[in-house]
Amino acid sequence: KAIHQEDLDMSRRIGETGNKLIRNGDIILTHCNAGGLATAGLGTALAVLYAARQDGKNFTVYADETRPLLQGSRLTVWELMHNDIDVRLICDNMAACAMKTKGITKIITGADRIARNGDSANKVGTFGLAVLAKHFGIPLYIAAPATTFDLTSKMLFYWRQIVTPGNMLTKANQGITIGLTNTSTTSTTAWSTTNYKKWYMDGSD
């Protein structure tokens, strides 16, 4: 019960803090699933969106499908639709086009782990979003609790091989070796003064 309540309080505080960043008319891009299906509460990145919606703000969300396991299309889109949030699904390799042509104003994701120097490990594809955000001058925010920080680590590099889902092989030549990872590291070198990061440590600025 104590752990469950702690998670509920964490997601609420992250949502309240992140809500301050959301403006009416925002067009927000998110990646993977960092919502209620991944936590006991409202999540991390999605908690920000839920709090903003509850506050009466109107905005649009673009959700990456998030390959290879499609958490964005299977989970994030489902959550947002059921919470009356305007959401559009895009394939991962449309992110650059969306930033260029759809007026993306900010990017919000969660994190699996954050190192002492600010490097963050998250679902593969997040690093690519950070590089694109730097190019287009779009702020990228990481919504994560204090428990996500690994203060003993100066830098993280995750390259964790995963078992290829069977349905991914139906369109590929049989016997091909597929190079996949489900987690990647976004280095602090991916950021610039026009592409800044802000960590939500249990909802504190």
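**Exercise 1: The surroundings of Thr66**

Beyond its neighbours within four places in sequence, Thr66 is in contact with His31, Cys32, Gln71, Gly72, Asp92 and Lys123. Keep in mind that this is a predicted model.

Task: Work out where Thr66 sits and whether Thr66 is buried or exposed.

Solution: 
- Step 1: Find Thr66 in the loop between strand E2 (60-64) and H3.
- Step 2: Check the relative accessible area of Thr66, which is 0%.
- Step 3: Buried means under 20%, so Thr66 is buried.
- Step 4: Look at the side chain of Thr66, which reaches the backbone oxygen of Asp64 at 3.0 Å.

**Exercise 2: The largest pocket**

Task: Describe the largest pocket by its volume and its lining.

Solution: 
- Step 1: The volume of the largest pocket is about 350 Å³.
- Step 2: Its lining has 19 residues, and Asn33, Ala34, Ala38, Ala111 and Asp112 lie nearest the centre.
- Step 3: Helix H3 (71-82) and strand E6 (120-123) are the elements that give two or more residues to this lining.
- Step 4: Sorted by class, the lining holds eight nonpolar, nine polar and two charged residues.

**Exercise 3: The largest nonpolar core**

Task: Which element gives the most to the largest nonpolar core?

Solution: 
- Step 1: The core has 22 residues; Leu49 and Phe59 are among those that touch the most other members.
- Step 2: Helix H1 (2-19), helix H2 (45-54), E2 and H3 each give two or more residues to this core.
- Step 3: H2 gives the most, with six residues.

Terms used:
Residues are numbered from 1 along each chain as its sequence is written. This is a predicted model: local features need pLDDT of at least 70, side-chain atom pairs count only at pLDDT 80 or more; totals for chains, interfaces and linings use all residues. Side-chain values use heavy atoms; hydrogens and water are left out. On a 1 Å grid over the protein atoms alone, a cavity is a set of points where a 1.4 Å probe fits but cannot get out, and a pocket is an open set with protein on both sides within 12 Å along at least five of seven lines; lining residues have an atom within 4 Å of a point. Grid points are joined across faces, edges and corners, and a volume is the space filled by probe spheres set on the points. Helices (H or I, at least four residues) and strands (E, at least two) are DSSP runs, numbered from the N terminus. Ala, Val, Leu, Ile, Met, Phe, Trp, Tyr, Cys and Pro count as nonpolar, Asp, Glu, Lys and Arg as charged, and the others, Gly among them, as polar. Buried means under 20% relative accessible area, exposed over 50%, partly exposed in between (1.4 Å probe, protein chains only). A polar contact is a pair of N or O atoms within 3.5 Å; within protein, one must be able to donate a hydrogen and the other to accept it, and residues adjacent in sequence count only if both atoms are side-chain atoms. Contact means heavy atoms within 4.5 Å. A nonpolar core is a set of buried Ala, Val, Leu, Ile, Met, Phe, Trp, Tyr and Cys residues joined through side-chain atoms within 4.5 Å.
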